[in-house]
Amino acid sequence: MKNLAESPTMTPPVPMMPTRNEAPPAPAAGTTGTETPLERRLAVLLASVLKTDDVPVDSHFFDDLGADSMVMAQFCARVRKHPDLPAVSIKDIYQHPTLTALAATLAPTQPAPLQDRLAELLSGVLGVDQVSVDSHFFDDLGADSMVMAQFCARVRKHPDLPAVSIKDIYQHPTLRSLATSLGDPEPVASSPPAVTSSPVSHTTEKGAPTALVPAVPLAAEARVGRHRDLPESTTPATTVEYVVCGALQVLIFLAYTYLFAVLFEGGLQWVWAGEGLLDHYWRGVGFGAVAFVLMCTFPILVKWVVIGRWRTQEIRIWSLAYVRFWLVKTVVVANPLVLFAGSPLYLLYLRALGARVGKGAVVFTRHMPVCTDLLTIGEHAVVDKDTFFNGYRAVSGVIQTGPVSIGRNVLIGEKAVLDIHTSLGDDAQLGHASSLHEGQAVPAGECWHGSPAERTSTDYRTVPPARCGTGKRVRYTVLQLANRLLVTFPLAFSLLAIVVVDVPWIRDLHMTEHLAFTSWSFLGVVLGLSAVLFLGGLLLSLLFVMTVPRLLNRTLEPDHAYPLYGIQYIMHRAVGRITNRKFFHELFGDSSFIVGYLLPLGYKLSPVVQTGSNFGTEVKHDNPYLSGVGRGTVVASGVSFINANYSSTSFSVSRSIIGANSFLGNDIVYPPQGKVGQNCLIATKALVPIDGEVREGVGLLGSPAFEIPRTVQRDSVFIRMAHDEEFPRRLAAKNRHNLVSMALFLLSRWGYVFALLLFSMITVDLYQRLSELAIVGLSLVTLVFTVLYFAFVERASTGFRGVRPKHCSIYEVDFWRTERFFKLCARANVHRLMNGTPFKAVLWRLVGVHVGKRLFDDGAGMSEKNIVTIGDDVVLNAGAYIQCHSQEDYAFKSDATAIGSGCTLGVATMVHYGVTMGDGAVLAPDSFLMKGEEVPAHERWGGNPAEALTRSAAPGRPPQALTVASPEAALTGAGRRSRRSGQDRLIQEDKAWTC
């Protein structure tokens, strides 16, 4: 075989590449015509590269024709542009250096059976000579989900083989059963597929039983106007537009900050003018009431002045129209009324913004919908917490807005996602951790769950109705307002007035001619005061959390239906709000000490088997006294215990207990009706089943969940490390390392409190000289300092080296260092202010993310930032998360993830580690892209676990046609006046397309 050094050095001129559909030239004069058709085709292509009339098929590429590796690479590329020809690699060229030998090697032969083809690919992934078609992937071959994801990716690279998803792997865990389920592969078409004018190929959702939109040919889809995930033609934003948009956003922020400073300064002056505590209080009541009304009504006014009524449209990102969209979205989401989710006052806010909300509806989510004119919520509908129904999404350089219709008496579970152009008919249900993709409509009276959702017999209604009239709702609203206007705001303003006016050493700051902050004694006083405030506040808060909620919880009885908005409802909401303190979860999580915090908080954990990582840093519950975890169970992070079940008039609290000796991955919603027993693995984002038999000794993956192996052989060594004779020594070492991490966490937070207090004291010192400008300066300095400070802390936690991919036990120092990084990573809420602006990319670069040009981030998150690579013009929707690791029982695994240019991550998607997304790929909402997956360029994937949304339904499982319920029927079911004719036409188009 010749190597590159032995190749001739002469390089012929490079010809222009022919077009894809270019007809091959006629045979040159003088040829014998005895060549095979494949030889003749290859000879024509090679002659065009060499710029000669004819190439003898038995001539040596290098010795006779004078080609080199560059020329032959161009020849291989030209062959690949003809889909009816077999692909040629440079390795083939060197192994078969004549056209005759090459054609003989590439000539099609009788295809091998599908299971043999799959066995060949799997043996290559596993690095073994051969694989038995009857061997179990996990039990016999020792593979895990990462290995099998690589196998699926390798199969997808062969267009003559049917696509294989990770779900297929778990359902058919041998090559024989997998090949049988997939059937014979379809022959490769000789003509190129039709393409649309879209810069990224778009397909509808893959067929699935009773759930998904049937596959639509691309040519037919081009005629479908609104039912697409990508705009038909999008001109990418220029760098100039990107910069101008950012500059306008800065000016808007400065104007808003100055307006706030003027109002705040005038109000404080009026409060400070009072004499005595009582006068301060009543002045605080008046100022608080005025400030509250202004903060609540200003976003409503901005929405109607800047936008008017939302309509179905596309807004190019970074354009002037986008600046208007961003302004309205930012002020609407920042309205203090968002904190009243679950209250009738929240519904009044939605109505004031143009939403059509029926009587008696209840909305608990704080993910505020933005395009409210396109939102319909029917009478007595219930939308649980953490649900996304934004009314818009970002994709391929544009913001797309569209309607979301929720019918009468609908129940939507916790952490659901409703994409645009979706609807639920009257009395329908959508389960927890489920989603509706664009075009999906749940018919009236049906129950759906999963991502994307499909029909189920599961009933999520568990609470009987109760008497909850208008009077009870009004009284609850009045009490909420009274709490804010007569307690919270007055005490805050009065305390501030007393501190500034009545504390001598602070009062003297602005009564002296010199600047106090220039003296070292001033810094010493601020340092001591910050220590007292931080440590004293920490101890008082911990004492408050451990005692007061226990008293409030005495009014609640498990499994008893209470009416909404009564005294029990107030106590229930207070218990959940007080006990869900993120600071303490971040402090104690990822260590043995989280158990010592959760036990007195109320969790049922005994008898405890200490693992050193029983819980991560993100734990959430409705009621800690009704939450429990069995012996020996490990919860990675992000679990949400559902203890409360709601109807539109009632609620009840119930126990949610996770079984013993189990493992829970990230981002899991665990309901009290969960049918999961002992020794189970619940994978990341899995939907916990609430009906059927109790699952034990199995793993659960996906939404809806299906069974997978509980453990894999290659992780057995890590499991043994948690039970052998050396375990006590390893646990003690881990505890010592975690204690240092906790001390660093407290030190970093104390440093932040000291800096904020210092800036505040300097502002008081400068107030007499600069007036409201001092308040504006405080806001800007605090913003910039917060960003830089937490970025510095995060980078310093790894010695400014960043994290590295690893596969290790949780009892090794490499994992403990990663835990320290997680504890100290930047979680500042100031990042929310940067959502949708060019400055979010700057924040990501500060913490190590490799970010391309013009990133649009609407509220995404990442874990190990420095091993994430993001290309140009990438779109990250709200709630998307890139997690470059997983913990599986006692093993920790991490790897780099790359998102190609032009990619889109949908709302609330999760991308795991070791993932590669090709340029222009799209991940649908609420999808879970598992570890090791490779998404080809310009493909659309979705689901949990995610797979290509281009395959037709399996034999015998035809996709169900969807119907779009009329948004008008959602309010009362009948009798409502129709919307404008334009909306009616859009609804009819929906029906015509989906039917």
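Aromatic pairs, to begin with: the structure holds 39 of them. Keep in mind that this is a predicted model.

As for accessibility, Tyr476 has a relative value of 7% and counts as buried. Tyr569 comes out at 0%, so Tyr569 is buried too.

The other pair is Phe584 with Phe588. This one is stacked, with 6.5 Å centre to centre and 20 degrees between the planes. Here both residues belong to helix H18, residues 582-588, and they are four residues apart, about one turn of the helix. Phe584 has a relative accessible area of 3% and is buried. For Phe588 the relative accessible area is 15%; the cut-off for buried is under 20%, so Phe588 is buried as well.

Now the cluster. Ring pairs join Tyr242, Trp310, Trp318, Tyr322, Phe325, Tyr392 and Phe856.

Next, helix packing. Two packed helices are described by the angle between their axes and the distance between the axes. I have two cases.

Case one is helix H10, residues 239-272, against helix H11, residues 277-306. Their axes come within 9 Å and cross at roughly 160 degrees. Why do we call H10 and H11 roughly antiparallel? Angles over 145 degrees count as roughly antiparallel, and the crossing angle here is roughly 160 degrees, so H10 and H11 fall in that class. H10 passes H11 in a right-handed crossing. On the H10 side, the contact is made by Tyr256, Leu263, Phe264, Gly267, Leu268, Trp270, Val271 and Trp272. On the H11 side, the residues are His280, Arg283, Gly284, Gly286, Phe287, Leu294 and Phe298. Sorted by class, this contact has ten nonpolar, four polar and one charged residues.

Case two is helix H21, residues 727-770, with helix H22, residues 772-796. The packing angle is about 160 degrees, and the axes are 9 Å apart. H21 and H22 are therefore roughly antiparallel to each other. Their crossing is right-handed. The contact of H21 with H22 has 17 nonpolar, six polar and two charged residues.

Leaving aside residues up to four places away in sequence, Pro672 touches Ile642, Asn645, Ser654, Arg655 and Ser656. Pro672 and Ser627 are 45 residues apart in sequence, and their C-alpha atoms are 8.9 Å apart in space.

Last, the totals for the whole protein. The secondary structure comes to 27 helices and 45 strands. What share of the 995 residues is buried? The figure is 56%. Among contacts with a separation of 6 or more, 59% are between residues 24 or more positions apart.

Methods:
Residues are numbered from 1 along each chain as its sequence is written. This is a predicted model: local features need pLDDT of at least 70, side-chain atom pairs count only at pLDDT 80 or more; totals for chains, interfaces and linings use all residues. Side-chain values use heavy atoms; hydrogens and water are left out. Axes are lines fitted to C-alpha atoms, for helices over the stretch in contact, and angles run from 0 to 180 degrees between N-to-C directions. Angles under 35 degrees count as roughly parallel, over 145 as roughly antiparallel, 65 to 115 as roughly perpendicular and the rest as oblique. A crossing is left-handed if the near helix is turned anticlockwise from the far one by less than a right angle, and right-handed if clockwise. Contact means heavy atoms within 4.5 Å. Ala, Val, Leu, Ile, Met, Phe, Trp, Tyr, Cys and Pro count as nonpolar, Asp, Glu, Lys and Arg as charged, and the others, Gly among them, as polar. Rings of Phe, Tyr and Trp (its six-membered ring) pair if their centres lie within 6.5 Å; planes under 30 degrees apart count as stacked, over 60 as edge-to-face and the rest as tilted. Buried means under 20% relative accessible area, exposed over 50%, partly exposed in between (1.4 Å probe, protein chains only).
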